[in-house]
Amino acid sequence: MGQVPRAKPWLLLGDGQLALHLRTYLRQLDIPCHQWSRRQGWHETPPPGGAPEPTAALGAFDRVLLAIRDDALADFVSRHATSEGPTWVHFSGSRRIEGAWSAHPLCTFGPEPYEPAVYPTIPFVVESEGPRFDELLPGLGNPSVAIPAADKPLYHALCVAAGNLTTLLWQRFFAELEGRWGIDPELVAPYLCQIAANLQSADRQRALTGPIARADRETIDQNVEALDAAHLDDLAQIYRVFVDSTQPVARETAA
Ligand SMILES: NC(=O)c1ccc[n+]([C@@H]2O[C@H](COP(=O)([O-])OP(=O)(O)OC[C@H]3O[C@@H](n4cnc5c(N)ncnc54)[C@H](OP(=O)(O)O)[C@@H]3O)[C@@H](O)[C@H]2O)c1
């Protein structure tokens, strides 16, 4: 993936978690880009002309990458985007923004940059009504899929349920084990790694183990009672809901 010749650099807006990773990846790809954020103004080099606000220099850019909060997107684009200016791209998995196309990176972006090998593997989800991913962000070369824009809220809710809710569950698990019995989260990390590895295997349908997979009603009831007795009501509730919705699968697996 060499540098794609282009007349104008890109403009990256924001200095949050996604902006850090996009900046790292664009550097890795040698894609010329200027970054601006409310806190810092221009990061490193301002564009030729050196306007203090990027919105005064939009003609200097080929793409505007909006790595800003979802709830700021619509207002920012409606105030600054024009039909003849650069292509505006945002990264929200759920929002549909008039005047900007979405390219949602299906990944989680923390406070530290990732290894260079990670970035090209991240899939992007674009809107099927809009440009293809390679037209929207030429030179990235990542895998991509398109879905109808109207389906984005559901798509994003599923991403959050799978990625963010499990993160909350694991954080809770680490905290409960450490707080109650002094168990170091490091000691538990291989359990998490193996669960992820089993889910990534070709046989991911059989990744579920334990009492729910075995349809072991007695152990399930004991588990839920223990959570109730420890006043971990939210976990007990989640457990019950998952058992109820998973039982037919568990019976099939156990049969
Ligand atoms: N992080 C992820 O894992 C992830 C994954 C996929 C997609 N995304 C998407 O990436 C985008 C950014 O998310 P993030 O996680 O990077 O958020 P973040 O770390 O909270 O950063 C948000 C950035 O938005 C800026 N901002 C907020 N309101 C603004 C405004 N009115 N004008 C200009 N800048 C404004 C903030 O600047 P100030 O500090 O000045 O407020 C900050 O630089 C969102 O659309 C999100 O859905 C994130």
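**Entry 1: the model.** I noted before anything else that the model is predicted. I then looked up the domains of the chain. The domain assignment gives domain 1 as residues 10–147 and domain 2 as residues 154–254. I looked up the separation of their centres, taken over C-alpha atoms, and found 35 Å between domain 1 and domain 2.

**Entry 2: the place of the ligand.** I asked which pocket the ligand sits in. The ligand sits in the second largest pocket.

**Entry 3: the shell.** I found 20 residues around the ligand. D15, L18, R38, D70 and F109 come nearest. I sorted the shell by residue type and got nine nonpolar, six polar and five charged residues.

**Entry 4: helices and strands.** I asked which elements each supply at least two residues of the shell. They are helix 1 (17–28), helix 2 (70–80) and strand 6 (101–105). Helix 2 gives the most, with three residues.

**Entry 5: polar atoms.** In D15, a side-chain N or O atom is 2.6 Å from an oxygen atom of the ligand. In R38, a side-chain N or O atom lies 2.7 Å from a ligand oxygen atom. In D70, a polar side-chain atom is 2.5 Å from an oxygen atom of the ligand. I counted each pair as a polar contact because the cut-off for such a pair is 3.5 Å.

**Entry 6: cover.** I looked up how much of the ligand the protein covers. On its own the ligand has 890 Å² of accessible area, and the protein covers 75% of this.

How values were computed:
Residues are numbered from 1 along each chain as its sequence is written. This is a predicted model: local features need pLDDT of at least 70, side-chain atom pairs count only at pLDDT 80 or more; totals for chains, interfaces and linings use all residues. Side-chain values use heavy atoms; hydrogens and water are left out. A residue is near a molecule or strand if one of its heavy atoms lies within 4 Å of it. A polar contact is a pair of N or O atoms within 3.5 Å; within protein, one must be able to donate a hydrogen and the other to accept it, and residues adjacent in sequence count only if both atoms are side-chain atoms. Accessible areas come from the Shrake-Rupley method with a 1.4 Å probe; for residues, only the protein chains shown count as cover. On a 1 Å grid over the protein atoms alone, a cavity is a set of points where a 1.4 Å probe fits but cannot get out, and a pocket is an open set with protein on both sides within 12 Å along at least five of seven lines; lining residues have an atom within 4 Å of a point. A molecule sits in a cavity or pocket if more than half of its atoms lie within 2 Å of its grid points. Helices (H or I, at least four residues) and strands (E, at least two) are DSSP runs, numbered from the N terminus. Ala, Val, Leu, Ile, Met, Phe, Trp, Tyr, Cys and Pro count as nonpolar, Asp, Glu, Lys and Arg as charged, and the others, Gly among them, as polar. Domain bounds come from an automatic or database domain assignment.
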